[in-house]
Amino acid sequence: MTAPGTRHLVLIGLMGAGKTTIGRACAARLGRPFVDTDDLVEASTGQTVRELFNTIGEAAFRELERDAVANACNSPEPLVIACGGGALLDPTNRRRLTEHGLVVWLRASPATLAARVQHETGTRPLLESRDALIELDRLTALRDPAYEAAAHAVVETEGLGVEEAVAAVLDQAARCSV
Ligand code: S3P
């Protein structure tokens, strides 16, 4: 176990869970750098996630995502890490993240997730050309066991504003001396 105060704060959950918005705010409050694994992949390739899905495909994207998770976890400086929603399906990612960080699962119903992502068109290839609610319902059933296996704490974001969700995450971080 990493020494108290030096673990990363890791946010997981489905698309629309608020990992980036809440993660940025938590990072500002903790005075830590914020990284998003999607941003790391985009920076290393010079392509957007959407372009990568179209050019190299999802399986190759997942390899790049695994590298991004490893790089973030290996940072000697404690970070706030927002993980792409699919990263936790990979057992290596789950092991690294749970070993190096306090993993907080941001949870919401498929209907709430669908409502949040509908304003952000074109950035989530898995939701393109599919009904977002049906797909998020399917992904919830598929991924919840992986999120549950990795999470040290759960924050129900249903009905919470951003500030309330940030406070709930920071409360978990304080409890676990992150
Ligand atoms: C994905 C989630 C996205 C991104 C990619 C695939 C997923 O990240 O990594 O579109 O499989 O759930 P966010 O969860 O940050 O939207």
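1. Helices here are DSSP runs of H or I of at least four residues, numbered from the N terminus. Helix 1 gives the largest share of this lining, five residues.

2. The model is predicted: local features need pLDDT of at least 70, side-chain atom pairs count only at pLDDT 80 or more, and totals for chains, interfaces and linings use all residues. Residues are numbered from 1 along each chain as its sequence is written, and side-chain values use heavy atoms, with hydrogens and water left out.

3. The largest pocket holds about 780 Å³ of space. A pocket is an open set of points on a 1 Å grid over the protein atoms alone, where a 1.4 Å probe fits, with protein on both sides within 12 Å along at least five of seven lines; lining residues have an atom within 4 Å of a point. The volume is the space filled by probe spheres set on the points, which are joined across faces, edges and corners.

4. The lining of the largest pocket comprises 38 residues, and Gly16, Thr20, Asp38, Glu120 and Arg124 lie nearest the pocket centre. By class, this lining has 13 nonpolar, 12 polar and 13 charged residues. Asp, Glu, Lys and Arg count as charged, while Gly is among the polar residues.

5. The ligand takes the space of the largest pocket; the criterion is that more than half of its atoms lie within 2 Å of the grid points. Surrounding the ligand are 14 residues, with Lys19, Asp38, Arg62, Arg124 and Arg143 the closest; such residues have a heavy atom within 4 Å. This shell has five nonpolar, three polar and six charged residues, and its largest share, three residues, comes from helix 4 (residues 58–73).

6. A polar side-chain atom of Lys19 lies 2.7 Å from a ligand oxygen, a side-chain N or O atom of Arg124 lies at 2.8 Å, and a polar backbone atom of Gly85 lies at 2.9 Å. The protein buries 96% of the 380 Å² that the ligand exposes when taken alone, by the Shrake-Rupley method with a 1.4 Å probe.

7. At the start of helix 2, a side-chain oxygen of Asp36 comes within 2.9 Å of the backbone nitrogen of Asp38. Just after helix 2, Gly46 adopts a positive phi of about 75°.

Key
Polar contact = N/O pair within 3.5 Å; in protein donor to acceptor, adjacent residues only side chain to side chain. Helix = DSSP H or I, 4+ residues; strand = E, 2+ residues; numbered from the N terminus.
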